[in-house]
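Hi,

Here is the structure I promised to pass on. Have a look at it first, then read my notes below.

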Amino acid sequence: MSAYANIIRQSCEEMGVSIVKGVLSTDHVHMFLSTPPHLSLSNVMQRIKGRSSRKIQMEYPELGKRYWGRRF
């Protein structure tokens, strides 16, 4: 299991979101989620993407130089 998948799972657990099904590819992720009614899907995805990007960039600082000034 990749580090990215672990980060996504951890973020979902913290928000009370269940991953029903997911596929992790080299350049994108497909997920079917079950979210609590008080959370909007856009906020859930924003938090997952933000946390995973930050944690990966902290773990692999060389990526910051490669993607500096651009979206990760």
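Leaving aside neighbours within four places in sequence, Ser11 is in contact with Ile48 and Arg51, where contact means heavy atoms within 4.5 Å. Ser11 is found in helix 1 and is buried, with a relative accessible area of 1%. Buried here means under 20% relative accessible area, exposed means over 50%, and partly exposed is in between, with a 1.4 Å probe and protein chains only.

Before you go further, keep in mind that this is a predicted model: local features need pLDDT of at least 70 and side-chain atom pairs count only at pLDDT 80 or more, while totals for chains, interfaces and linings use all residues. Residues are numbered from 1 along each chain as its sequence is written, and side-chain values use heavy atoms, with hydrogens and water left out.

Now for the overall layout. The chain has three helices and two strands, and read along the sequence they follow the pattern α-β-β-α-α. Helices (H or I, at least four residues) and strands (E, at least two) are DSSP runs, numbered from the N terminus. If you draw a box along the principal axes, the C-alpha atoms fill roughly 40 × 25 × 15 Å. Of the 72 residues, 22% count as buried. The accessible surface comes to about 5,700 Å², and 53% of that belongs to carbon and sulfur atoms; these areas come from the Shrake-Rupley method with a 1.4 Å probe, and for residues only the protein chains shown count as cover. Take the contacts between residues at least 6 apart in sequence: 28% of them join residues at least 24 apart.

Next, the strands. Strand 1 (residues 18-24) and strand 2 (residues 29-34) run antiparallel and are joined by six bridges. Two strands pair if DSSP finds at least two bridges between them. A hairpin takes the chain from strand 1 to strand 2 through four residues.

Which residues make up the largest nonpolar core? There are eight: Ile8, Cys12, Met15, Val17, Leu33, Leu39, Val44 and Ile48. A nonpolar core is a set of buried Ala, Val, Leu, Ile, Met, Phe, Trp, Tyr and Cys residues joined through side-chain atoms within 4.5 Å. As background, nonpolar side chains tend to be buried together in soluble globular proteins.

- Ile48 sits in helix 2 and counts as buried at 2% relative accessibility. Ile48 is in contact with Ile8, Ser11, Cys12, Met15, Met31 and Leu33. Ile48 and Arg9 are 39 residues apart in sequence, and their C-alpha atoms are 9.1 Å apart in space.
- Cys12 lies in helix 1 and is buried, with a relative accessible area of 1%. Cys12 touches Val17, Ile19, Leu33 and Ile48. From Cys12 to Met31 there are 19 residues in sequence and 11 Å in space, C-alpha to C-alpha.
- Leu33 is in contact with Cys12, Val17, Ser18, Ile19, Val20, Leu41, Val44, Met45 and Ile48.

Is Thr35 buried, partly exposed or exposed? Thr35 is partly exposed, with a relative accessible area of 29%, and its place is in the loop between strand 2 and helix 2. Beyond its neighbours within four places in sequence, Thr35 is in contact with Val17 and Val44. Thr35 and Gly16 are 19 residues apart in sequence and 7.1 Å apart in space, C-alpha to C-alpha.

Last, the charges. The chain has 11 positive and 5 negative charges, and their mean positions are 6 Å apart. Lys and Arg count as positive, Asp and Glu as negative, and His and the chain ends are not counted. The place of a charge is taken as NZ of Lys, CZ of Arg, CG of Asp or CD of Glu.

Cheers
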